[in-house]
Amino acid sequence: MDRQFEDVAVTVLPDHVAEVELRRPPNNFFDVALICAIADAFEWLDERDECRAIVLCAEGKHFCAGANFTDGSRETSEDRDPDAPHPLYSQAVRLFGTRKPVVAAVQGAAIGGGFGLAMAADFRTGSAASRFAANFVKLGFSPGFGLTHTLPRVVGQQAAQQLCFTGRRIDGVEAARLGVIDDLVEPGEERAEARYLAKQIAENAPLAVESVRASLRGDLLAAVRQATEHEAREQFRLQQTDDHREGIRAVAERRAGRFTRR
């Protein structure tokens, strides 16, 4: 059973595992439409008895390199009301409201919001070639996509603070040490390992798995909704600054930012 949601393809495999594949190679930059499509796919699979676990994966070199800040097409802060729900994060929150377990297969980079997307999954597989960065401070603003809640929930407060304060990039080996990656495999085997883990989950009683998942997640949905509301307000404020504009230039030019605290 196959289904297409914009740039997201869904394939339900015979073993009760479904693949939800991003198809914006090579970098899989996201926008509101792509995150909406992923959420639509997850919600559609919630109603399919044929699916008991999901593999979130991507076509191309990178899992998701975040938002594209260099092509001039992204939404700017002036395009929205700061007191209204953030259109992107309103869709991102939907990813936390579905019932089926999700394993993300992270090849290449998961950067910025792409890191946030990977952390929305229950588990992540990767390799030494996988790369993660919460690089928002290098762009002169603050994290989003619920990362201020989901990252410390997995790696602990201290490690999350270091990653978010420095914006540094970590490889798959360090990500596995911190707990970001659950299963570390050879490069090129990320998706196969994700399928294997999803199949192990799907072999069990589906109602029981969903019950256990809901119990373990607790108030995760409400916490992520609250986190994204705060993140959106802070991002709007910081996107008005000279430092944010300098951060975008610096990242595009592959140099350190010359920030002025203005």
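## Residue L56

Not counting residues up to four places away in sequence, L56 touches V20, L22, I38, F42, F63, V102, V103, A104, A105 and L117. This is a predicted model. L56 has its place in strand β4. With a relative accessible area of 2%, L56 is buried, because buried means under 20%. L56 is also among the residues with the most contacts inside the largest nonpolar core.

L56 and D15 are 41 residues apart in sequence, and their C-alpha atoms are 16 Å apart in space.

## The seven-stranded sheet

The strand that holds L56, β4, belongs to an open sheet of 7 strands. The order across this sheet is β1-β2-β3-β4-β5-β7-β10, and the pairing is mixed. β1 (2-5) and β10 (183-185) are the edge strands, each pairing on one side only. From one strand to the next, the twist averages 20°.

Several of the pairings can be followed residue by residue. β4 and β5 pair in the parallel sense over 3 bridges, and V55 has V103 as its bridge partner in β5. β5 and β7 also pair in the parallel sense, over 3 bridges; here A104 stands opposite R124 in β7. Strand β7 (residues 123-127) is in turn joined to β10 by 3 bridges, and these two strands run parallel. S127 has V185 as its bridge partner in β10.

## Helices across the sheet

Which strands does α1 lie across? They are β1, β2 (8-12), β3 (17-22), β4 (53-58) and β5 (102-105), and the helix runs at about 20° to β2. Helix α7 (residues 190-202) lies across β3, β4, β5, β7 and β10 and runs at about 170° to β4.

Both faces of β5 are covered. V102 and A104 on one side are buried, as are V103 and A105 on the other. In a regular strand, side chains alternate between the two faces of the sheet.

## Helix α1

The 15 residues of α1 should span 21 Å at 1.5 Å a residue, and the C-alpha atoms at its ends are 21 Å apart, which agrees. D31 caps the N-terminal end of α1, with a side-chain oxygen 3.2 Å from the backbone nitrogen of A33.

The buried residues of α1 are L34, I35, A37, I38, A39, A41, F42, W44, L45 and D46. I38 and F42 are both contacts of L56. An α-helix has 3.6 residues a turn, so residues three or four places apart point the same way. D46, which lies in α1, is buried with a relative accessible area of 8%. Leaving aside neighbours within four places in sequence, D46 is in contact with T98, R99 and K100.

## Nonpolar cores

The largest nonpolar core has 61 residues, and those with the most contacts inside it are I38, L56, F63, L95 and L151. Helix α1 (residues 32-46) gives the most to this core, with 9 residues. A second, separate core has 12 residues, including V55, A105, A194 and A198. In soluble globular proteins, nonpolar side chains tend to be buried together.

What does L151 contact, leaving aside its neighbours within four places in sequence? L151 is in contact with F115, M119, G156, A160, L163, C164 and V180.

## The three-stranded sheet

A further open sheet has 3 strands in the order β6-β8-β9, with mixed pairing. β6 (109-111) and β9 (169-171) stand at the edges with a single partner strand each, so one side of each is left without a neighbour in the sheet. Neighbouring strands of this sheet are turned by 15° against each other on average, direction ignored.

Strand β8 (residues 131-133) is joined to β9 by 3 bridges, and the two run antiparallel. R131 has D171 as its bridge partner in β9.

## An exposed loop residue

Is G218 buried or exposed? G218 is exposed, with a relative accessible area of 56%. Its place is in the loop between α8 (206-217) and α9 (220-238). G218 and M119 are 99 residues apart in sequence, and their C-alpha atoms are 16 Å apart in space. M119 is one of the contacts of L151.

Note on methods: Residues are numbered from 1 along each chain as its sequence is written. This is a predicted model: local features need pLDDT of at least 70, side-chain atom pairs count only at pLDDT 80 or more; totals for chains, interfaces and linings use all residues. Side-chain values use heavy atoms; hydrogens and water are left out. Two strands pair if DSSP finds at least two bridges between them. Helices (H or I, at least four residues) and strands (E, at least two) are DSSP runs, numbered from the N terminus. Axes are lines fitted to C-alpha atoms, for helices over the stretch in contact, and angles run from 0 to 180 degrees between N-to-C directions. A nonpolar core is a set of buried Ala, Val, Leu, Ile, Met, Phe, Trp, Tyr and Cys residues joined through side-chain atoms within 4.5 Å. Buried means under 20% relative accessible area, exposed over 50%, partly exposed in between (1.4 Å probe, protein chains only). Contact means heavy atoms within 4.5 Å. The expected span of a helix is 1.5 Å times one less than its number of residues. A polar contact is a pair of N or O atoms within 3.5 Å; within protein, one must be able to donate a hydrogen and the other to accept it, and residues adjacent in sequence count only if both atoms are side-chain atoms.
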